[in-house]
Amino acid sequence: MDIRKNIPINGAAYGLALLGTIIGDTQDIRPLVYLCKPLLLLILSSWFFFSSRRVGDRFTLLVQAGLFFSLAGDVALMLPSADQFYFLIGLAAFLMAHLCYTMAFAQNIADAGPGAGPLVPLLIAIALVAFGFFFALDLVPKVDDSVSLPVIIYVVAITLMGIAAAFRYGRTFPRSFMLVMAGAVLFILSDALLATNRFMKPLDHAAWSVMLTYGLAQLLIAAGCLAHVLDPEEIRRRAALDT
């Protein structure tokens, strides 16, 4: 048994790191946050890498890059929240993560060719654009002028990530689509909660809800991408293309 790829072991370790981060945030135990928060993406990145390396391609490399930039963003955002410099560094890192995920999903779409029909992804895309537009319309007047443009760019980037995830519909296996789509929605929700708590109004539940939705989002995206590349049918397709 290779523990680096073992789902129960890595899942338990990830869950403990997520729980430790939430406890550290809610109880203001900063050393626990400093220990557990970086472990989240280290565990997830390791599991994804060792599980996918035998079928590694541009898709998996882009997902791995997204996990790396997410780790950098986590480290920046766990530093003093009053320091706007660390916030902007974290924002930039997560912007890169979303761009990597978007390019990965676009690669998936390009490789698969025509999907099952545009109606479902189009409806999801319209809902995401509407949410992003009205949320940004409410958010931007409340942020400092120095960060308003980065915030707008970030909102556009995460919306595009969700849209790219939506257009995987019919171009991947249903389980992979559902996991990644749920992860993308939870990622958007987590960022919306974070922005609301930081710039608009304090949320009593922010200390745990932001991290819980974020942790689940990253796990679902990684698991959904693995579900795509490790599906026996996808492996056979790749083998046929290589011959």
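This is a predicted model: local features need pLDDT of at least 70, side-chain atom pairs count only at pLDDT 80 or more; totals for chains, interfaces and linings use all residues.
A residue counts as exposed when its relative accessible area is over 50%.

**Entry: a nonpolar patch.** I located leucine 149 in helix H6. I then noted that Leu149 forms a nonpolar patch on the surface together with Ile152, Ile153, Val156 and Leu160. The accessible area of these residues together is about 430 Å².

**Entry: the largest pocket.** I looked up the volume of the largest pocket and found about 1000 Å³ of space. Helices H2, H3, H4, H5, H6, H7 and H8 each give two or more residues to the lining of this pocket. Helix H7 gives the most, with 10 residues. I counted 43 lining residues, and those nearest the centre of the pocket are Lys37, Leu77, Phe87, Leu194 and Val210. By class, the lining holds 29 nonpolar, 6 polar and 8 charged residues.

**Entry: salt bridges.** How many salt bridges does a search of the whole structure find? I recorded 3.

- Arginine 4 meets aspartate 2, with 3.0 Å from N to O. Arginine 4 is partly exposed at 33% relative accessibility, and aspartate 2 is partly exposed at 29%.
- Arginine 30 pairs with aspartate 25, their closest N and O atoms lying 3.3 Å apart. I noted arginine 30 as partly exposed at 27% and aspartate 25 as partly exposed at 25%.
- Aspartate 138 pairs with lysine 142, with 2.9 Å between the closest N and O atoms. Aspartate 138 is partly exposed at 37%, and lysine 142 is partly exposed at 40%.

Conventions. Residues are numbered from 1 along each chain as its sequence is written. Side-chain values use heavy atoms; hydrogens and water are left out. On a 1 Å grid over the protein atoms alone, a cavity is a set of points where a 1.4 Å probe fits but cannot get out, and a pocket is an open set with protein on both sides within 12 Å along at least five of seven lines; lining residues have an atom within 4 Å of a point. Grid points are joined across faces, edges and corners, and a volume is the space filled by probe spheres set on the points. Helices (H or I, at least four residues) and strands (E, at least two) are DSSP runs, numbered from the N terminus. Ala, Val, Leu, Ile, Met, Phe, Trp, Tyr, Cys and Pro count as nonpolar, Asp, Glu, Lys and Arg as charged, and the others, Gly among them, as polar. Patches are made of residues with over 30% relative accessible area and no salt bridge: like charges are joined within 9 Å, nonpolar side chains (Val, Leu, Ile, Met, Phe, Trp, Tyr) within 5 Å. Accessible areas come from the Shrake-Rupley method with a 1.4 Å probe; for residues, only the protein chains shown count as cover. A salt bridge is a side-chain nitrogen of Lys or Arg within 4 Å of a carboxyl oxygen of Asp or Glu. Buried means under 20% relative accessible area, exposed over 50%, partly exposed in between (1.4 Å probe, protein chains only).
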